[in-house]
Amino acid sequence: MTGPVVVVGDTLLDRDVEGMVNRLCPDSPVPVLDETAHVDRPGGAGLSAVFAAAQGAEVILVTALADDAGGARLSVLLAAAGVQVYPLRLAGATPEKIRLRAGGRVLLRHDRGGAGEPGQPGEPVLRVLDRASVVLVSDYGRGVARQPALRAALASIRAPVVWDPHPRGPAAVPGANLVTPNEAEVRELMEAPAGASRLATAAEGAQRLRQRWGAGAVAVTLGADGALLSHAGSTPLVVPAPVAAEGDTCGAGDRFAVTAGLALARGALVSEAVQEAVVEASAYVADGGVATALPPPVRRAPQAVHTAVAGDRVGVAAAAAVVARVRAAGGTVVATGGCFDLLHAGHVATLQAARQLGDCLVVCLNSDASVGGLKGPERPVMRQDDRSRLLAALSCVDAVMIFDEPTPVAALSWLRPDIWVKGGDYTTGAGDGDSLPEAEILRRWGGHTVVVPYLDGRSTTAMIAATAGASIEGVGR
């Protein structure tokens, strides 16, 4: 593959809540689930991107993220998987799917959020589509695949396009190389007549769908029975599953589409790609499904910190409220980040200069765990609650968001600031914005990185050393 795998589509926040049922609710005859554990993961297009990244591919995800805690959590999970997010704005709340499970079976699914429309893609998004080795459209019927500018770009790219459709979504763009509905989706999309056999329904539906959408091929997934491929003439190719796997099929369709897409990117024929996808999807279900297929970094991704020790100015909700208000007014969102251990005059000067560049300033603060990982077990000197309280008390700071990762990549992907500010020294030439590691991330949505002067002679490390030296000297006397 010469370019990245680009996944386009709707991303949801999925949560599996595991528990035990030992009694019924006293006021209604329903089971009571005692929660024992839960796992968050990206769903929809996000899960497809995680699967592709786990295969070692460079993966770019074009999706819509909301300005809320769910969007922030998705950014953390996707960053942990090594997925590069090129976010579109999403009005409203992050779509969430919560599965309540006991004994390996789903008792109930609770859906919420996700009624908003995605925003326009910027030039960076259109450029990554141009250099893709394959594009997978993972449509979950929530608007990304319907976005006009995206559709126009998808219809004109040179790379193979694999389209995983949804009955509530739009038609695949003309010329899509492979469309991968499941049999239930084919019945709904094509309004199959009642009484037809399963195989006949799949074959006729695939052929009609291929003709209607102008697709190169349609592969209908048949669960444990494999897939049916309509790609030339009127005789379909039936690809049986190598094993009759039973288990949790959540994500199996995503796994199928990703595998087929990666095969096409390597130059495989469509029939070869579908055969490979059937084998992989069958093994995925047999091995335990999404619960065991998630990469360890995603399973262990830390929870977003929602501390609110300084009124309503600390935490994801505070940052979301500020950013939403400024964007609604057409203003400029500015962000900066750091440990801010022992807040000093140099920090304040940087924060004041940053605030003057826009209409709000959000500070991304390294959590205690993050500071310890970067600076050693003796740091931070001040805990995150105190550091966030001091920062939030400054008139130039509008909100503080605490993050657990070594770098603010996930926080930035969610906040999407117009300007990212770092403290620097112009006189030494060290403050070259293009050299900042965050510069590439900001370019994904057309943002900019800048440096502002800092006050010479101010250093947290030097202050700690001086304080320690003074304490030792005082003991000596």
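**Reading rings, helices and a strand residue**

Student: How many aromatic pairs does a search of the whole structure find?

Tutor: One aromatic pair turns up in a search of the whole structure. Keep in mind that this is a predicted model.

Student: What describes a pair of aromatic rings?

Tutor: The distance of the centres and the angle of the planes describe it. Here the rings belong to Phe51 and Tyr284. Their centres are 5.5 Å apart. Their planes stand at 75 degrees, and over 60 counts as edge-to-face, so this pair is edge-to-face.

Student: Where in the chain do Phe51 and Tyr284 sit?

Tutor: Phe51 is in helix H1 (residues 45–54), and Tyr284 is in helix H8 (residues 270–286). The pair links distant parts of the chain, 233 residues apart.

Student: Are Phe51 and Tyr284 buried or exposed?

Tutor: Both Phe51 and Tyr284 are buried.

Student: What describes two packed helices?

Tutor: The angle between their axes and the distance between the axes. Take H5 (residues 183–190) and H6 (residues 198–213). Their angle is about 60 degrees, and their axes are 9 Å apart. H5 and H6 are therefore oblique to each other. Their crossing is left-handed.

Student: Which residues meet between H5 and H6?

Tutor: On the H5 side, Glu183, Val186, Arg187, Leu189 and Met190. They meet H6 residues including Thr201, Leu209 and Trp213. The contact residues divide into six nonpolar, two polar and five charged.

Student: Which strand holds Val39, and which residues does Val39 touch?

Tutor: Val39 lies in strand E3 (residues 31–44). Setting aside residues up to four places away in sequence, Val39 touches Asp14, Arg15, Asp16 and Leu294. Its relative accessibility is 33%, so Val39 counts as partly exposed.

Definitions and conventions:
Residues are numbered from 1 along each chain as its sequence is written. This is a predicted model: local features need pLDDT of at least 70, side-chain atom pairs count only at pLDDT 80 or more; totals for chains, interfaces and linings use all residues. Side-chain values use heavy atoms; hydrogens and water are left out. Axes are lines fitted to C-alpha atoms, for helices over the stretch in contact, and angles run from 0 to 180 degrees between N-to-C directions. Helices (H or I, at least four residues) and strands (E, at least two) are DSSP runs, numbered from the N terminus. Angles under 35 degrees count as roughly parallel, over 145 as roughly antiparallel, 65 to 115 as roughly perpendicular and the rest as oblique. A crossing is left-handed if the near helix is turned anticlockwise from the far one by less than a right angle, and right-handed if clockwise. Contact means heavy atoms within 4.5 Å. Ala, Val, Leu, Ile, Met, Phe, Trp, Tyr, Cys and Pro count as nonpolar, Asp, Glu, Lys and Arg as charged, and the others, Gly among them, as polar. Rings of Phe, Tyr and Trp (its six-membered ring) pair if their centres lie within 6.5 Å; planes under 30 degrees apart count as stacked, over 60 as edge-to-face and the rest as tilted. Buried means under 20% relative accessible area, exposed over 50%, partly exposed in between (1.4 Å probe, protein chains only).
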